[in-house]
Structure formats: structure tokens, C-alpha cells
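Please read them with the structure open.

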Amino acid sequence: MAYHSLKAGHDYGQYVRDAENANKKEIAEFFRTVMEQDSERAARCHQFLAELSGTEDAGPAVS
């Protein structure tokens with residue numbers, strides 16, 4: 001999951017740069033917002049997983 005978050009962040013950063021280079025401010029702002037939301041979701045997911053780990057209610061990790 002962390003790999004995918006980092007990859008998405010890199011991709012979004014490239015999209016922001018591309019949009020800025022094309023002087024498309026609205027598109028750049030959209031990808032900045034998406035990047036921020038993904039980052040917040042990833043942080044919340046890690047928080048919840050940490051809360052669940054070690055409890056008897058937690059199941060095995062799924063690949």
C-alpha cells in the first residue's frame with residue numbers, strides 16, 4: 001500500500017508540473033487537491049491499521 005501511495009504521489013506531482021508548464025492552473029490545482037486527499041487517506045489508513053494490529057479481531061494480512 002505504501003508503494004502505491006508513493007507512486008501515485010510521484011505521478012500526481014508530474015501531472016501538476018505538466019499542467020503548470022501548459023499554463024493550465026485549474027488542472028494543476030485539481031491534481032494538487034487529489035494528491036492531498038490521497039495523502040490524508042493513506043495517513044488515516046495507517047492509523048486504523050495500527051489500531052487494529054495486535055487485536056484478536058484482526059484477521060491475517062491479505063496480499
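The points below go from the overall fold to the core, the rings and the charged pairs.

1. Overall make-up. This is a predicted model. The protein has two helices and zero strands. Helix H1 covers 2-21, and helix H2 covers 25-52.

2. Burial and surface. Of the 63 residues, 13% count as buried. The exposed surface comes to about 5,400 Å². Carbon and sulfur atoms supply 56% of that area.

3. The core. Which residues make up the largest nonpolar core? There are six: Tyr12, Val16, Ala19, Ala28, Phe31 and Val34. Helix H1 and helix H2 are the elements that give two or more residues to this core.

4. Val16 up close. Set aside the neighbours within four places in sequence. Val16 is then in contact with Ala28, Phe31, Arg32 and Met35. Two of these names come back below: Phe31 has a place in the ring pairs, and Arg32 has one in the salt bridges.

5. Ring pairs. The whole structure holds four aromatic pairs. One of them joins Tyr15 and Phe31. This pair is tilted, with 5.0 Å centre to centre and 55 degrees between the planes. Tyr15 sits in helix H1 and Phe31 in helix H2, 16 residues apart, so the pair links distant parts of the chain. Phe31 also pairs with Phe30. Here the geometry is edge-to-face: 5.1 Å centre to centre, 75 degrees between the planes.

6. Ring cluster. Ring pairs link Tyr12, Tyr15, Phe30 and Phe31 into a cluster. Tyr12 and Phe31 also belong to the largest nonpolar core. Is Tyr15 buried or partly exposed? Tyr15 is partly exposed, because its relative accessible area is 37% and buried means under 20%.

7. In one of them, the side chains of Glu20 and Arg32 meet at 1.9 Å, N to O. Glu20 lies in helix H1 and Arg32 in helix H2, so this pair ties together parts that are twelve residues apart in sequence. Glu20 is partly exposed, at 39% relative accessibility. Arg32 is partly exposed too, with a relative accessible area of 32%.

8. Glu29 has a relative accessible area of 44% and is partly exposed. Together, Glu20, Glu29 and Arg32 are linked in a network of salt bridges.

9. Further along helix H2. Arg41 and Asp38 form a salt bridge through their side chains, at 2.4 Å, N to O. Arg41 and Asp38 are three residues apart in helix H2, so about one helical turn separates them. Asp38 is partly exposed, with a relative accessible area of 23%.

10. Where to look in the viewer. Start at Val16, which is in contact with Phe31 and Arg32, among others. From Phe31, follow the ring pair to Tyr15 in helix H1.

Note on methods. Residues numbered from 1 in each chain as written. Predicted model: local features only at pLDDT ≥ 70, side-chain atom pairs only at ≥ 80, totals over all residues. Heavy atoms only, no water. Core = buried A, V, L, I, M, F, W, Y, C linked by side-chain atoms within 4.5 Å. Buried < 20%, exposed > 50% of the residue type's maximum accessible area, 1.4 Å probe, protein only. Helix = DSSP H or I, 4+ residues; strand = E, 2+ residues; numbered from the N terminus. Contact = heavy atoms within 4.5 Å. Phe/Tyr/Trp six-rings, centres within 6.5 Å; stacked < 30°, edge-to-face > 60°. Areas by Shrake-Rupley, 256 points an atom, 1.4 Å probe, with all protein chains shown as cover. Salt bridge = Lys/Arg side-chain N within 4 Å of Asp/Glu carboxyl O.
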